[in-house]
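Q: Can we go through this model together? I have a few quick things to ask about how the chain is put together.
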Amino acid sequence: MGWVNRRRDHGNLIFLDLRDRFGITQVVLDAELSPEAHAKGEAVRPEYVVAAIGKVRLRGRDVINPKMATGEIEVVAEQLLVLNDAKLAPFSPAEDAIANEEVRLKYRYLDLRRQEMQHNLKLRHDITLAIRQYLSGEGFLEVETPFMTRSTPEGARDYLVPSRVHAGSFYALPQSPQLFKQILMISGLDRYFQIARCFRDEDLRADRQPEFTQIDLEISFPQQESVFAVVEGFLSAAFEVAGTKLTPPFPRMTFDEALRLYGIDKPDLRLPQLTRVNDVFAPGDLETLAVNPALPVVAVRIPAVGELSRKERDDLRLLYPAKLTQQGTKVLDDFKRLEKMFPEAMNKVRELTGAGEQDVLALVAAASTVEATSEPRAPGVLSSRERQIYEAAGAVRLAIAQKYADRHKLFEKKGNSDDYKFLWVTDFPFFEWDEDTKSWTFAHHPFTSPHEDDLKAGRLTSDPGAVRALAYDIVLNGTELGSGSIRIHRQDVQREIFRALGMSDEEAKARFGFFLEALEYGTPPHGGIALGLDRIAMILAGAQSLREVIAFPKTAKAIDLMVDAPTPVSEVQLRDLHIRTVLKN
């Protein structure tokens, strides 16, 4: 039983490729053996739902189809039942690729019949099952947390749900189960996980949806290493079902090391590191280049690209972020010219970076007009100016690598674990400066624990920008898979963090009073993480968009084309909810 994928009429013989979730089977309708079944087959068209009753037989050697899993057998039908007909579809699920994604999303029920989509959703199921089984085996309990809760700051806008019973009040759909999972630790559950649905009202892109699924977990009495070991374990289980064997433990790197070596906090380890090369230049050399010698001069290398023409360099510069020039950052990418000006220094740059003749090299530095900042920093922490230069070098590195991916082959899959370069990034800044509000805000969320050393040194008030968080990200091939942290478990520290964010005690009580009260009743140290399940499935499916691994996704404008949502609702519904809408012109 299934759908007619293709129909081939050879007169007295009609062949139906019958498709179901498990693949395609050839059905033979022979006019001599079963005239009635053959007559029905003449009326059958693609996507008709049919049942064939008959005998399975081996195909002849000369008609075996090695491209089909069932290519050695066929069903000779004695009866054919037409269970339902079908109108002419806007596209055929038998096609390997359909160019118009909007048509695919509008007729998603047809798109999901395609073999690729069936495979992707089966893979997603297998990944989810493997993760559930692993975490259950490690003593975790799966607990569901509410969809309707109160609005709390998570870094994006909430989806709000008006209350009919409590006029003028709103629930919020959860951006994450953050506070609930911490309360589960206070409740003594020790090890929690959830395949959690989350909602964020933010702009979309290929790897972002307004509703998404994350693998959420929390552990009592952990060290960072405890969380890392659990995540590496369930990722190994998930990747194994997709045919890849991982080799934990994954490498670790602090936030500042990641910036120094890769210019970004989610490094792609398939690309070469950045190299600071100040020492190879004489002071006069940097003065000639109009570069500030007190700030880093960073070499970027992308291998096996070949020499770039003048036009190629000009085209490449269009890909560099516009803010580079606004920050006074210089990109010196005419390496042949630099070699003529400073042959000895450039030879040393090649030695330090390990560059060959076919590698592209560029230097990134601050213009001489840019002043180095002298703000106090904890040992090893970059200044804001230094961060700007390393981040600029990281942006240049990615721009070159992505532009010439077809030449250097660094992103091509090898069919083994080398395709997947994992990394833990740790010790993130606790605060970020918000230019709009001219104030500090949290980099992860305000329930992350700061480093004990930074607390003791009083940096929360004396130097917020130098405070490090006990926060960590898991990164794969330059994509952040998830974020987590060791949490604050003491109420006095939590209140101090809220004050450092400019939140009064009254405001903190109004927004988080229930949680602050819970912290007073014997809260154990705890920590956890959340990873994007959609993103993991996308990577393992080899897809370019989350929409390829989600059954019913939204478009880039947050529209469900199949059900035509969102839509206006009736005045009666709005009146029941004590709401009226006012549209801006």
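Q: Which residues in helix 17 meet helix 18?
A: In this predicted model, the helix 17 side consists of Gln-491, Gln-494, Arg-495, Phe-498 and Arg-499, and these meet Asp-505, Ala-508, Phe-512, Phe-515, Leu-516 and Glu-517 in helix 18.

Q: And how many of those are nonpolar, polar or charged?
A: The contact of helix 17 with helix 18 divides into five nonpolar, two polar and four charged residues.

Q: What about the geometry, at what angle do the axes cross?
A: The axes of helix 17 (residues 491-500) and helix 18 (residues 505-518) cross at roughly 150° and come within 11 Å. Because angles over 145 degrees count as roughly antiparallel, helix 17 is roughly antiparallel to helix 18.

Q: Is that crossing left-handed or right-handed?
A: Helix 17 passes helix 18 in a right-handed crossing.

Q: Switching to helix 5, how many of its residues are buried?
A: Helix 5, which runs over residues 178-186, is mostly covered, with seven of its nine residues buried; these are Gln-178, Leu-179, Lys-181, Gln-182, Leu-184, Met-185 and Ile-186.

Q: What covers them?
A: The cover over the buried residues of helix 5 includes helix 18 together with strand 9 (191-199), strand 10 (211-220) and strand 21 (526-532).

Q: Buried or exposed?
A: Asn-477 has 15% relative accessibility, and because the cut-off for buried is under 20%, Asn-477 counts as buried.

Q: Which residues is Asn-477 in contact with, leaving aside its neighbours within four places in sequence?
A: With those neighbours set aside, Asn-477 is in contact with Asp-268, Arg-270, Asp-419, Tyr-420 and Lys-421.

Q: Zooming out, what does the domain assignment give?
A: For the protein chain it gives domain 1 (2-88), domain 2 (102-250 + 421-426 + 469-489 + 524-585), domain 3 (271-410) and domain 4 (429-467 + 492-513). The centres of domain 1 and domain 2, taken over C-alpha atoms, are separated by 42 Å.

Q: And the overall numbers for the protein chain?
A: Its secondary structure comes to 20 helices and 21 strands, and the C-alpha trace spans about 95 × 70 × 55 Å along its principal axes. Buried residues make up 47% of the 585 residues in the protein chain, and of the contacts with a separation of 6 or more, 67% are accounted for by residues 24 or more positions apart.

Methods: Residues are numbered from 1 along each chain as its sequence is written. This is a predicted model: local features need pLDDT of at least 70, side-chain atom pairs count only at pLDDT 80 or more; totals for chains, interfaces and linings use all residues. Side-chain values use heavy atoms; hydrogens and water are left out. Domain bounds come from an automatic or database domain assignment. Axes are lines fitted to C-alpha atoms, for helices over the stretch in contact, and angles run from 0 to 180 degrees between N-to-C directions. Helices (H or I, at least four residues) and strands (E, at least two) are DSSP runs, numbered from the N terminus. Angles under 35 degrees count as roughly parallel, over 145 as roughly antiparallel, 65 to 115 as roughly perpendicular and the rest as oblique. A crossing is left-handed if the near helix is turned anticlockwise from the far one by less than a right angle, and right-handed if clockwise. Contact means heavy atoms within 4.5 Å. Ala, Val, Leu, Ile, Met, Phe, Trp, Tyr, Cys and Pro count as nonpolar, Asp, Glu, Lys and Arg as charged, and the others, Gly among them, as polar. Buried means under 20% relative accessible area, exposed over 50%, partly exposed in between (1.4 Å probe, protein chains only).
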